[in-house]
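Please keep the structure in view while reading.

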Amino acid sequence: MPAASPRVPHLPILRKGKPYKSLDVAKAVHYQTREPIAEVSQANLGLIRRDLLDQAGPRAALGKLSYAELVAMSKRAAEFFLHDTLPLDPFAGVSQSPDDYVGQLSATTGMPHVLVRRNMQKVYGVLAQVDEVLGGLTRGLDLSLLDTGIGTVAGRAISFFPRGDAMGVVLPNNSPGVHSLWAPTTVLKIPLVLKPGSAEPWTPYRMIQAWLKAGCPPEAFSFYPSDHAGGNEILRRTGRGMVFGDVKATERWRKEGGRVEIHGPGFSKVILGADALANWESHIDTIAASVADNGGRSCVNASGVWVTGKGREIAEALARKLSTITPRAADDEAAGLAPFVDPAVAERVSALIDKDLEIQPGVEDVSASIRGGSRVAKVDGSTYLLPTVLLADRGHPLANREYMFPFVSVVEVPEDELPDCLGHSLVVTAITENPALIERLVASPNVDRLNIGSLPTTRIGWDQPHEGNLFEHLYARRAIQRVA
């Protein structure tokens, strides 16, 4: 008689922190073998609606704690998240070590272990330094005023009030590092209602367990694995929201007047000014890191390098540099590419790029001659897209395109047309000392984050706003006067 298969862990719904096992279950599967790694309870619309009738209660539970207490809890939670074995399946008594977390996340998303650990450090850093992060976002405001709602700055009364009783967040699968963006929410005394990505429930669930071990009220966390309709319901019924996704998935929430913060494609760019062309070779490492860090899967990865000259030389040098990033085993410490969970998606993306290369002149795949084969690489049962560098005219559709792998277009433009010709960019790294160009970039409404000098676009200071300011998203300032 064959031995019974080992039971996979079951991730529950968390209803105000209380585990709930649903009859409706989805499987998180290994991206290669399609074998289940975990069962995940699924929340239906009725359950979500019913639970979200009471959002004031969880906020009141958080409100009993002082800002200083929550900062201390966040620092403890950071250590637990990074180092401790934490509960995973409460029904079977299964726990998750840090190594388990790395392996499970890699198995369902394809992300190499080394990249998972780097992203784990990002989450840890924000939780451990949350007071510094929030100090940066508020420019030094003493957030103990959240304990009473009233404070003083420079002898003047100041008051803030919450824009909602909870924040709903619809989360992605692309990279664990994005969870750093909502990590400070609990310290700001706002409960979280999370809809995890289907392939990446691991990080938000582990973050919640770390907070609970640190002593945070369970009511502060609701965790609803669900379908798209469930995610939409969460965003509709919470006072503030945050959503991650492509342009199509996030478009409907752009009409909410800022109630839902959008995190979509970044179209981030590196600019090389005319004054930097004489020594452009010294900046290739910065440009390559901007394109390829984190497997090229982040909105802060550069999808464009806009230069004022020497476009072909720069494109060829960048293509040679990125060609050294090749598929490796998931546990290889030198791994820099993540495979596509669905091989058909990789094939489809590559075909779309090739079609755009063919239908309109003014673009060249500079990487093609260097790699000497297909952009699609199948290695040990995994499907990858190899780094791709294009040389494109500014008007070509591929001049401003973004994909979930190291993909970049080098575009040559006159310096006096920068930055107006760029379009919207989440991050711009401007390698220049030209004060006129810097002044135009600083004044541009199309540049969300600006790095001046040879800094990769992926070098993020979490104490700086990122597609919105979390404190300002959750709190509004009111006018206040008192009788003397």
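## Aromatic pairs

How many aromatic pairs does the count come to? In this model, which is predicted, the count comes to 8 aromatic pairs. A pair of aromatic rings is described by the distance of the centres and the angle of the planes.

Phe81 and Tyr101 form one of these pairs, with an edge-to-face arrangement in which the centres are 5.9 Å apart and the planes stand at 65° to each other. The pair links distant parts of the chain, since Phe81 belongs to helix H3 (residues 67-83) and Tyr101 to helix H4 (residues 98-109), 20 residues apart. Phe81 and Tyr101 are both buried, and the ring of Phe81 has a further neighbour in Arg206, whose charged end sits over the ring at 5.7 Å from its centre.

Phe160 and Phe471 make up another edge-to-face pair, at 5.1 Å centre to centre and with 65° between the planes. Here too the pair links distant parts of the chain: Phe160 lies in strand S9 (residues 156-162), Phe471 in helix H15 (residues 470-474), and the two are 311 residues apart.

## A charge over a tryptophan ring

Which residue lies over the face of Trp253? The residue is Arg252, placed at 4.8 Å from the ring centre of Trp253.

## Cavities

A search of the whole structure finds 2 cavities of 30 Å³ or more. The largest cavity holds about 130 Å³ of space, and of the 14 residues that line this cavity, Leu137, Leu181, Trp462, His466 and Leu470 are the closest to its centre. Helix H6 (130-138) and strand S14 (260-263) are the elements that give two or more residues to this lining. By class, the lining of the largest cavity is made up of 8 nonpolar, 5 polar and 1 charged residues.

The second largest cavity contains about 80 Å³ of space. Of the 14 residues lining the second largest cavity, those closest to its centre are Leu52, Asp54, Pro58, Val193 and Ser222. The class division of this second lining is 7 nonpolar, 2 polar and 5 charged residues.

## The second largest pocket

About 300 Å³ of space lies in the second largest pocket. The lining of this pocket has 19 residues, of which Ala292, Ile325, Ala334, Ala335 and Gly336 are the closest to the centre. Helix H5 (113-128), H10 and helix H11 (311-322) each supply at least two residues of the lining, and H10 contributes the largest share, 4 residues. By class, the lining of the second largest pocket has 8 nonpolar, 5 polar and 6 charged residues.

Asn294 is found in the loop between helix H10 (284-292) and strand S16 (302-307). Why does Asn294 count as buried? Its relative accessibility is 10%, and because buried means under 20% relative accessible area, Asn294 falls into that class. The side chain of Asn294 also makes a polar contact with the side chain of Ser298, at 2.9 Å.

How values were computed
Residues are numbered from 1 along each chain as its sequence is written. This is a predicted model: local features need pLDDT of at least 70, side-chain atom pairs count only at pLDDT 80 or more; totals for chains, interfaces and linings use all residues. Side-chain values use heavy atoms; hydrogens and water are left out. On a 1 Å grid over the protein atoms alone, a cavity is a set of points where a 1.4 Å probe fits but cannot get out, and a pocket is an open set with protein on both sides within 12 Å along at least five of seven lines; lining residues have an atom within 4 Å of a point. Grid points are joined across faces, edges and corners, and a volume is the space filled by probe spheres set on the points. Ala, Val, Leu, Ile, Met, Phe, Trp, Tyr, Cys and Pro count as nonpolar, Asp, Glu, Lys and Arg as charged, and the others, Gly among them, as polar. Rings of Phe, Tyr and Trp (its six-membered ring) pair if their centres lie within 6.5 Å; planes under 30 degrees apart count as stacked, over 60 as edge-to-face and the rest as tilted. Buried means under 20% relative accessible area, exposed over 50%, partly exposed in between (1.4 Å probe, protein chains only). A charge sits over a ring if NZ of Lys or CZ of Arg is within 6 Å of the ring centre and within 35 degrees of the ring normal. A polar contact is a pair of N or O atoms within 3.5 Å; within protein, one must be able to donate a hydrogen and the other to accept it, and residues adjacent in sequence count only if both atoms are side-chain atoms.
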